[in-house]
Every structure is written in C-alpha cells, then in structure tokens.
Amino acid sequence: MGLSGIIAILVALKAAAYEPSLTPYLPYQDHFFRVLSFAALTVWTTFAVGVRRRGPAAIITLGFAVFVELYLVPMRAGHESTLASANFGIVLAYCGMQLYWMDLVKQRLRK
C-alpha cells in the first residue's frame, strides 16, 4: 500500500505539471493525456487505499482533478480546460476497478 501511495503521488505530480506541447503529435493530445493520467491516478489511489474503498479513491482523484483543472490550468498560459477528459479517465478506471473487485469476489467464492 505504501508503494502504491508513492506511485499515486508521482502520477499526480506529473498530471499537475503536464504542459502541452506547441506541436502535438496527435489531435487532442491534451485530452488523451488527461484520460490516461487520471485513469492511472485512480487505479494507483485505489490500490493505495484498498480495493474495497474504490469509491472513495475515485472521489479523492476527482477532487484532485477539479483542483488541477479549475485552479492550476487557468493560472498557466490560458490552456483550455480538460476537466471532462479527466472525469472520463476517472470513470473508466473506476469501472475497471469494479470489474476487478467482482473478479476477486468470484475467486473467493470458488475456494
């Protein structure tokens, strides 16, 4: 759990410090990065606080996403908000953690 917490902090710092490039390699690269980074942050936060508490982990990540997208991003050079992309990444990761939890419960019932 401690290592997962450290990795979650590192992912959160990278998500907060991300600065989009002037010449993106992909269209909508900012949104793609936000979906991936906040999905990864949700997964690591879930592993840090425990899979049983995947809901609170998603809410913690959502709070961080709102802070980053509504306070940190506007303080930079006026980049557009990608809060919807961050929320989409959180929802995808939460759904994945829900499926993971259901698989764990099935395995325990088989034993």
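Buried here means under 20% relative accessible area, exposed means over 50%, and partly exposed is in between, with a 1.4 Å probe and protein chains only. By that cut-off, the buried residues of helix α4 are Leu83, Ser85, Ala86, Gly89, Ile90, Ala93, Met97, Trp101 and Leu104.

Some ground rules. This is a predicted model, so to speak of local features we need pLDDT of at least 70, and side-chain atom pairs count only at pLDDT 80 or more, while totals for chains, interfaces and linings use all residues. Residues are numbered from 1 along each chain as its sequence is written, and side-chain values use heavy atoms, with hydrogens and water left out.

The overall picture. The protein has four helices and zero strands, where helices (H or I, at least four residues) and strands (E, at least two) are DSSP runs numbered from the N terminus. Of its 111 residues, 36% count as buried. Take contact as heavy atoms within 4.5 Å: among contacts with a separation of 6 or more, 70% are between residues 24 or more positions apart.

Back to α4, residues 83-110. Its 28 residues should span 40 Å at 1.5 Å a residue, and the end C-alpha atoms are 41 Å apart, which agrees. The expected span is 1.5 Å times one less than the number of residues.

Next, helix α3, residues 54-75, where we find Thr61. Thr61 is buried, at 2% relative accessible area. Its side chain reaches the backbone oxygen of Ala57 at 2.9 Å. Leaving out residues up to four places away in sequence, Thr61 touches Phe38, Leu41, Thr42, Thr45 and Ile90. Ile90 is one of the buried residues of α4.

Now charges. A salt bridge is a side-chain nitrogen of Lys or Arg within 4 Å of a carboxyl oxygen of Asp or Glu. How many does a search of the whole structure find? One. The side chains of Glu69 and Arg34 form a salt bridge, 3.0 Å from N to O. Glu69 lies in α3 and Arg34 in α2, residues 29-49, so the pair ties together parts that are 35 residues apart in sequence. Glu69 counts as buried at 1% relative accessibility, and Arg34 counts as buried at 4%.

Last, the surface. Leu3, Ile6, Ile9, Leu10 and Leu13 make a nonpolar patch of about 540 Å². Patches take residues with over 30% relative accessible area and no salt bridge, joining like charges within 9 Å and nonpolar side chains (Val, Leu, Ile, Met, Phe, Trp, Tyr) within 5 Å. Areas come from the Shrake-Rupley method with a 1.4 Å probe; for residues, only the protein chains shown count as cover. Leu13, in helix α1 (residues 2-17), counts as exposed at 55%.

How values were computed: A polar contact is a pair of N or O atoms within 3.5 Å; within protein, one must be able to donate a hydrogen and the other to accept it, and residues adjacent in sequence count only if both atoms are side-chain atoms.
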